[in-house]
Amino acid sequence: MTDTVHSAHDEDGAPRRDFLFLLTGAMGGIGTIVAVWPLIDSMNPSAEVLALSSTEVDLSPIEDGQRVTVTWRGNPVFIDHRTAEQITAAEEVPLSDLPDPQLDEARVHKPEWLVIVGVCTHLGCVPLGQKPGESRGEYGGWFCPCHGSHYDTSGRIRKGPAPRNLDVPEYSFLDDTTLKIG
Amino acid sequence: MSDSGFMNNTVVKWIEHRMPIFAWTQKELVDYPAPRNLNYWWNFGSLAGIVLVIMIATGVLLAMQYTPYAPVAFDSVERIMRDVNFGWMLRYVHMNGASFFFIVVYIHMFRGLYYGSYKEPRELLWILGVVILLLMMATAFMGYVLPWGQMSFWGAKVITNLFSAIPLVGDVIVTWLWGGFTVDNPTLNRFFALHYLLPFVLFAVVFLHLWALHRFGSNNPLGIDAKGPQDKIPFHPYYTVKDLFGLGVFLILFSMVVFFWPNGLGEPDNYIEANPLSTPAHIVPEWYFLPFYAILRAVPDNFIGSWMGFVLVDAKLAGVIAMFGSIIVLMFLPWIDKSKVRSMRFRSWRFKLLFWVFFIDCLVLGYIGGKPPEGIFIVVGRIATAWYFFHFVLLYFMSRGERLRTLPTSISEPVLKGGGTPAGAHAKPMEKA
């Protein structure tokens, strides 16, 4: 009797053990991933960091042609009250001249207000051009001193190592003179 | 410990029976047989270990005074400098200790390159060494962020931004690294935690490095294996004394810098508090990262794919790959250099030339890394970067057909039979062993 039980066990038992082994391994693996995720996610931005995600700006004191820098989520945001010439210059550039082709109208809600994140898309430096006297680069927009990226009056990359145009943040006009970023 | 009185002590015997730590110490640190012909280039391994201990000791004490909170981090460092008893000394020792750690380790690595210490059977020992270098770099980078000066902040921002070059998930990874949308307080906190953690990981890998070393023992200037006990001498007292002498010389130089030139290797801009809205005109990493920084910047825009008519890998990603590749390639060196001969002493002038050109190339890269990326510096940086990688290609092909020279038959032979050895050495060479 014992012999029969043993042989039957050997025949069926081995695949069953393999199955149980794989199942245990798989469950253990999934369990580990599930358990590790909170640890990894704890390093993502916390609620209090996310809570700072919108900024309101009063646009009334900003004169024609003036550029202002505000802080949004710890990063500088450039607000450029563009002149008519700057708008025309930005609109007239053929898309074939742009490394990251994008129409000027796709980058603004109102042509006279350009709102862009002032962080170079190369390695994160703050481009120059906000203050009077600072270099605005070869295209009259902004110039990043770190590795020499030139941006035009629409904040689009024209020359240098940066791969993308300066980012346009999410924003809306609450009324004619109030801008809400984020 | 060899003295039998110590080993017969009741407490020692009680411990030894349960954990033979004293016998182990005796075997690995006192009797440990080392080649009799090690020169002063072999001092730098133990020296690196001592610097690591100095760094951990001063680091723990600094951590007791430092505040890893962005609004006050800069001031807490100034408080260490002005108010804490000997705080200025702790900080200057720790700051310059990092520089000297890299000097010592770079010399240690070039020693290994020259004498072929990476070759069979010491490949794993060498690879663990490269892992140690990577850990050192990560630790040093995060430590430099803690004073929260302009260079701290912008160095951190530029280097963490490198990860945004990773396709698809780059931005998600960078946000995760920062714990926010830019380098800010969460970043400072985690860098402090990791800067405290990594040296202990480093310590553990150093232990593995020594474990791998003690398996076959040190390489030596002749690069040949020891033929027997006559080729070796016990580590203590011979090399403990030699290492102590080297330590003395090291501490003289180190003290000169710490006490008379403490900020010489630093950047003045780091004494300006971090300002997230204003980038310094010229961002430079610490000097020990300059060669790698030069490689990072050397890759031209859209270099990789532009010759095929489309862009496969943009310049940013290509630069990052080149920079990390310049260190990873070292891990493969044991298989790139096909020559059976370890020591450069017994390799043709071509290989000696190749070694020294590589050495100079690294210095040139270091110089370029500290210069703005414009004009002639771009050209030289690109040539030097190309040579850095070409060196390994050349080494691979040149070492395949290398004509083997006759090597000395044993370590003791050139030592004892060479010219200028005292009379009597000939007669009984074994006596010295």
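This is a predicted model: local features need pLDDT of at least 70, side-chain atom pairs count only at pLDDT 80 or more; totals for chains, interfaces and linings use all residues.

Q: What makes up the lining of the second largest cavity by class?
A: Eleven of its residues are nonpolar, one is polar and two are charged. Residues are numbered from 1 along each chain, and chains are lettered from A in the order in which they are written.

Q: Why is this space called a cavity?
A: On a 1 Å grid over the protein atoms alone, a cavity is a set of points where a 1.4 Å probe fits but cannot get out. The structure holds three cavities of 30 Å³ or more.

Q: What makes a residue part of the lining?
A: A lining residue has an atom within 4 Å of a point. For the second largest cavity 14 residues line the space, with B:Leu113, B:Tyr118, B:Phe355, B:His391 and B:Leu395 nearest its centre. Helix H16 (349–369) and helix H17 (376–400) of chain B each give two or more residues; H16(B) gives the most, four.

Q: How is the volume of the largest cavity known?
A: A volume is the space filled by probe spheres set on the grid points, which are joined across faces, edges and corners. For the largest cavity this comes to about 810 Å³. Its lining has 27 nonpolar, ten polar and three charged residues.

Conventions
Side-chain values use heavy atoms; hydrogens and water are left out. On a 1 Å grid over the protein atoms alone, a cavity is a set of points where a 1.4 Å probe fits but cannot get out, and a pocket is an open set with protein on both sides within 12 Å along at least five of seven lines; lining residues have an atom within 4 Å of a point. Ala, Val, Leu, Ile, Met, Phe, Trp, Tyr, Cys and Pro count as nonpolar, Asp, Glu, Lys and Arg as charged, and the others, Gly among them, as polar.
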